[in-house]
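Work through the exercises below with the sequence and the structure at hand. Each task is followed by a solution in steps.

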Amino acid sequence: MSLLTIEGLFAHFGGVAAVDNVSFDLRQGEILGLIGPNGSGKTTVLNLLSGFLTPDAGQVRMRDENITGMSADRLAQRGVLRMFQMTRVFTRMSAFDNLLTAGMARGLSESESTRRAHALIEELTLEPVQYLNAGQLSGGQRKLLEFGMCFIEPPLIAMLDEPFAAVHPVMRDVMAKFIRARHAQGFTFLLVSHDMPIIVDLCQRAVCMNAGRVIAAGEIRSVLQNHDVIEAYLGDSETHSGQDHPPALEVH
Amino acid sequence: MKPIHNLWQERLRFDMRAALVIIALIGLLPAVVYGPYALGIILVSVYFAILALGWNLLAGYTGQFSLAPAAFAMIGAYTTALLDHYWQVPLALGIPAAIVVTALFGLMLGKLVLNLSGPYLSLTTLAFAEIARVVIGNSHEFTRGDQGMHVATLTDNRLAYYYIFLFALVVVLACIYWLLKGKLGRFMMAVRDDPVGAESRGINVVRIKMIAFCISCSICGLAGSLYGTFSQLVSPELGLLQQTGLILSMVVIGGMGSLSGAILGGVLIYLGSEWLRGFGDIQMIVFALLVIVFARYIPGGLWGMVAARLQGRRS
């Protein structure tokens with residue numbers, strides 16, 4: 001069942017079409033990978049879907065409701081939560097207070113937020129730093145904290161923008177485990193990442209973008225073997241003749 | 001060891017206790033200060049402490065840099081004065097009216113400017129402050145212009161006035177504490193730390209800024225109204241940009257984002273400015289230099305230094 005339907009989305013910055021007639025759907029309970037080379041428009045699509053940009057044309061529907069152009073805070077209240085490539089935490093509050101504030105922003109009481117914050121701190125292995133200001137945490141710890149802030153009240157859709165970029169492998173494993181556990185519980189994810197092994201490991205389907213357009217969509221392995229996808233990542237595939245799969249897209 | 005479940009509230013409680021200790025010490029000052037002039041000076045320092053608390057709520061806790069706190073004090077003072085002068089409204093109504101009118105002005109200005117951020121918000125509030133001052137100064141028929149207006153007083157007893165101001169300071173402090181320890185305080189700090197992050201968590205950023213702005217304006221309005229009744233004269237000088245500069249210095253030097261810092265800064269900087277008066281018109285030069293030094297090297301302000309020592313000793 002489709003949870004989010006994106007139809008003919010356009011976004012232009014000046015004369016540049018950052019998102020050009022993008023359509024795809026996100027199904028209930030899946031992890032959908034949104035992939036593509038740098039500058040392909042993935043983050044702009046996330047900005048459009050999470051309310052930080054308004055599309056020039058096109059429509060976004062969540063179930064039967066048109067949510068096109070809805071503000072980010074209203075979308076968050078409806079359960080469309082977003083994680084950023086550059087983490088967005090409240091730097092002068094403790095990690096624990098960040099979770100508490102995120103919970104209360106989603107309408108939880110202080111006592112309930114406190115209870116859930118404790119559980120998340122433990123699950124995300126943040127106990128040693130929970131009373132430090134978020135500004136003092138490492139990049140990886142901040143990403144874990146942002147995960148917690150997204151999940152303190154279960155979201156309908158979690159949009160994760162490069163959650164594994166520049167993160168220590170141990171923390172990457174904690175994040176991947178966290179995503180798998182939540183997926184097993186039926187949560188829906190839209191995952192933007194350059195990390196192909198992780199994408200293959202976590203996602204069932206993928207959408208690949210290049211130059212603002214969707215160039216392939218479907219089952220993950222078929223997308224990664226698509227000629228246009230290979231060309232978008234590595235240039236003309238003729239130059240890679242003799243190889244079954246370009247190394248960067250090899251599926252282990 | 002008992003686990004700390006809520007660091008922000010722990011910090012806030014510590015800050016509030018310290019603020020109450022500072023106020024208690026200020027309350028004892030009349031015992032060591034002689035003469036009506038000296039009493040007047042410490043009274044005005046409490047007026048500035050209230051203004052500093054009001055501006056700190058907006059700048060220190062919400063991250064919105066308005067350059068109009070003195071203008072709102074002036075509007076509050078004129079509200080009470082005009083009600084008294086034209087309609088003989090008693091001060092018991094005129095002072096609360098100043099709170100309401102400044103909150104309404106804050107709401108109107110906020111609607112225009114709170115979608116803006118950074119230098120645009122500051123520039124727009126600066127423009128508003130100057131326009132308000134010039135309009136009041138030039139409306140001779142209605143406000144008597146630069147001559148100022150006479151206002152009724154609550155009492156002729158200067159010591160009683162001192163404790164009225166101190167009471168107002170405690171009330172404002174209690175209200176801010178109550179706001180900060182709840183959901184609104186958390187959301188204000190979230191907006192200060194990262195407005196985009198706050199919005200992505202479901203916080204209506206413009207609404208939170210608006211609430212903080214209106215409350216901050218009404219605190220300045222209350223302070224201005226009380227000051228007018230004390231001096232029995234209100235004039236456009238109350239809204240001078242120099243007054244705003246003084247309030248900013250008080251908060252930055254005292255400690256931004258701290259209740260104790262704002263009160264400490266308010267009192268110390270005003271007393272310092274009175275002391276510097278003997279050396280010529282150099283107060284703003286000295287405070288501007290101090291603001292640069294504090295902003296660059298001691299961002300926590302005087303209170304930040306004291307709190308670090310106290311908390312270090314506690315732990």
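The structure is a predicted model.

**Exercise 1. Find what share of the contacts in chain A with a separation of 6 or more joins residues 24 or more positions apart, then find the share for chain B.**

Step 1. In chain A, 65% of such contacts are between residues 24 or more positions apart.
Step 2. In chain B, the share is 79%.

**Exercise 2. Describe the make-up and overall dimensions of each chain, and test each against the rule for a compact globule.**

Step 1. Count the elements: chain A has 9 helices and 10 strands, while chain B has 14 helices and 2 strands.
Step 2. Take the extents along the principal axes. The C-alpha atoms of chain A fill a box of roughly 60 × 40 × 35 Å; the C-alpha trace of chain B spans about 65 × 45 × 35 Å.
Step 3. Apply the rule to chain A. A compact globule of 252 residues would have a radius of gyration near 18 Å, and chain A has 18 Å, so the two agree.
Step 4. Apply the rule to chain B.

**Exercise 3. Decide whether α8(B) is enclosed or open, and find what its buried residues pack against.**

Step 1. Identify the buried residues of α8(B): B:G185, B:R186, B:F187, B:M188, B:M189, B:A190, B:V191, B:R192 and B:D193.
Step 2. These are 9 of the 11 residues of α8(B), so the helix is largely enclosed by the rest of the structure.
Step 3. The packing partners within chain B are α1, α2, α7 (158-181), α9 and α10; from chain A, α3 (95-105) takes part.

**Exercise 4. Locate B:I203 and explain why it counts as buried.**

Step 1. B:I203 sits in the loop between α9 and α10 (205-231) of chain B.
Step 2. A residue is buried if 20 or more other C-beta atoms lie within 10 Å of its own. B:I203 has 27 C-beta neighbours inside that distance, and therefore counts as buried.
Step 3. Apart from neighbours within four places in sequence, B:I203 is in contact with A:D73 and A:A105 in chain A, and with B:F187, B:A190, B:V191, B:A198 and B:I208 in chain B.
Step 4. The C-alpha atom of B:I203 is separated by 9.5 Å from that of B:M188, 15 residues apart along the chain.

**Exercise 5. Describe the largest nonpolar core.**

Step 1. This core has 183 residues, and those with the most contacts inside it are A:L191, B:V46, B:I50 and B:L53.
Step 2. Helix α2 (residues 36-62) of chain B provides the largest share, 15 residues.
Step 3. For B:I50, the contacts beyond four places in sequence are B:A168, B:L169, B:V172, B:I219 and B:A223.
Step 4. As background, nonpolar side chains tend to be buried together in soluble globular proteins.

**Exercise 6. Where do A:R63 and B:R144 lie, and how exposed is each?**

Step 1. A:R63 lies in the loop between β4 (57-62) and β5 (65-66) of chain A. A:R63 is not a glycine, yet has a positive phi of about 50°.
Step 2. With 12 C-beta neighbours inside 10 Å, A:R63 counts as exposed.
Step 3. B:R144 is in the loop between α6 (140-143) and β1 (149-150) of chain B. B:R144 is not a glycine either, and has a positive phi of about 65°.
Step 4. With 17 C-beta neighbours inside 10 Å, B:R144 counts as partly exposed.

Terms used:
Residues numbered from 1 in each chain as written. Chains lettered and ligands numbered in written order. Predicted model: local features only at pLDDT ≥ 70, side-chain atom pairs only at ≥ 80, totals over all residues. Helix = DSSP H or I, 4+ residues; strand = E, 2+ residues; numbered from the N terminus. Rg over C-alpha atoms; globule rule 2.2 N^0.38 Å. Contact = placed C-beta atoms within 7 Å. Core = buried A, V, L, I, M, F, W, Y, C linked by C-beta atoms within 7 Å.
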